[in-house]
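Colleague: I'm new to this one. Could you walk me through how to read it?

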Amino acid sequence: MPHLSQLYQDVPETCWPIVYSPRYNITFLGLEKLHPFDAGKWGKVICFLKEEKLLSDCMLVEAQEASDEDLLVVHTRRYLNELKWSFAVATITEIPPVIFLPNFLVQRKVLRPLRTQTGGTIMAGKLAVERGWAINVGGGFHHCSSDRGGGFCAYADITLAIKFLFERVEGIAKATIVDLDAHQGNGHERDFMDDKRVYIMDVYNRHIYPGDSFAKQAIHRKVELEWGTEDDEYLSRVERNLQKALKESTPDVVVYNAGTDILEGDRLGGLAITPQGVVKRDELVFRIVRGHQVPILMVTSGGYQKCTARIIADSILNLHNLGLIGPEAQSVSSQSSDTPLLSSQVS
């Protein structure tokens with residue numbers, strides 16, 4: 001019997017399935033500035049969406065912090081105990097001065113925001129199935145697996161969201177992960193290595209972190225990119241491979257890891273996708289997945305430039321303007337999976 005969890009509470013119909021909490025944002029004596037990640041980007045996305053009059057506070061779903069019982073659905077007790085040591089958290093978040101902070105402060109100022117984002121992903125999974133789509137304006141910690149963290153990822157939110165759905169939602173027996181962050185998603189790959197219920201498509205720069213050859217064995221559709229890959233090649237390969245992925249395995253839900261570290265100028269991603277290319281990519285994924293009548297959960301994952309929040313907001317606005325999300329977007333008319341969505345095709 002699944003444990004009682006506050007993360008699967010009912011949400012009023014007046015709320016859009018967009019999950020967020022001000023507690024997502026990490027601020028502590030400026031230490032967050034020592035990491036290239038913009039630790040306040042999630043709040044900036046919401047501010048932009050409010051300025052554009054798309055959302056108000058009452059329309060958002062308030063994310064709740066994942067409890068230890070929630071986390072133990074995937075994580076080992078030993079790993080959660082490791083996070084009680086500031087050294088371990090400093091290594092995972094790649095902020096060395098965290099080593100010298102008392103762990104109660106590390107829990108409150110660093111790990112609690114990440115646990116809240118993790119709770120947000122789990123909540124958004126339920127909403128995606130109920131409403132046809134959901135967005136967690138955070139999460140996407142795809143380098144963390146059940147017993148190890150890394151790359152600023154302390155909790156395996158993608159794995160948790162899928163395991164919660166398998167355990168708690170009738171009719172959800174197969175899932176597809178579409179990981180379009182610039183980095184390989186080795187965390188969920190390790191977690192689902194031998195799980196035939198989960199199909200993984202991963203598109204990433206082959207030359208950068210983490211280079212996890214063991215985890216690559218779990219990828220069903222692997223698209224390895226070269227340095228400086230640009231819009232036309234990138235979008236064409238994403239479209240073609242996503243169409244094939246949905247033919248090879250018909251999922252009950254898609255988890256879309258929508259990292260913006262593919263942007264030109266992102267020194268950690270090493271690709272050269274324009275802001276317009278990122279917006280088009282998200283549109284393409286939503287149009288294809290929703291055209292197959294499959295619920296989609298989007299998480300925002302990596303993105304290390306100050307312009308990232310604006311681009312995520314622009315992408316969400318574009319999805320709404322096209323009718324791919326919003327209160328009327330419960331279902332989208334099916335488009336033939338053989339119909340190309342892009343004008344230029346690269347083999």
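Modeller: Let's take the sheet, then the cysteines. This is a predicted model, where local features need pLDDT of at least 70, side-chain atom pairs count only at pLDDT 80 or more, and totals for chains, interfaces and linings use all residues. Residues are numbered from 1 along each chain as its sequence is written, and side-chain values use heavy atoms, with hydrogens and water left out.

Colleague: In what order do the strands of the open sheet come?

Modeller: Strands (E, at least two residues) and helices (H or I, at least four) are DSSP runs, numbered from the N terminus. Two strands pair if DSSP finds at least two bridges between them. Here eight strands make an open sheet, ordered β2-β1-β3-β8-β7-β4-β5-β6, with parallel pairing. β2 (61-62) and β6 (221-225) each have a single partner strand, so one side of each lacks a neighbour in the sheet.

Colleague: How many bridges join β4 to β5?

Modeller: Five, between β4 (residues 175-179) and β5 (residues 198-205). Thr-176 sits opposite Tyr-199 in β5.

Colleague: And how many disulfides does a search of the whole structure find?

Modeller: A disulfide is a pair of cysteine sulfur atoms within 2.5 Å. The search finds zero. For Cys-15, the closest cysteine sulfur, in Cys-58, is 7.3 Å away, too far for a bond. Cys-144 is in no disulfide either, and the nearest cysteine sulfur, in Cys-153, is 6.9 Å off.

Colleague: Is Cys-144 buried or exposed?

Modeller: Buried means under 20% relative accessible area, exposed over 50%, partly exposed in between (1.4 Å probe, protein chains only). Cys-144 is buried at 1%, and Cys-15 counts as buried at 10%.
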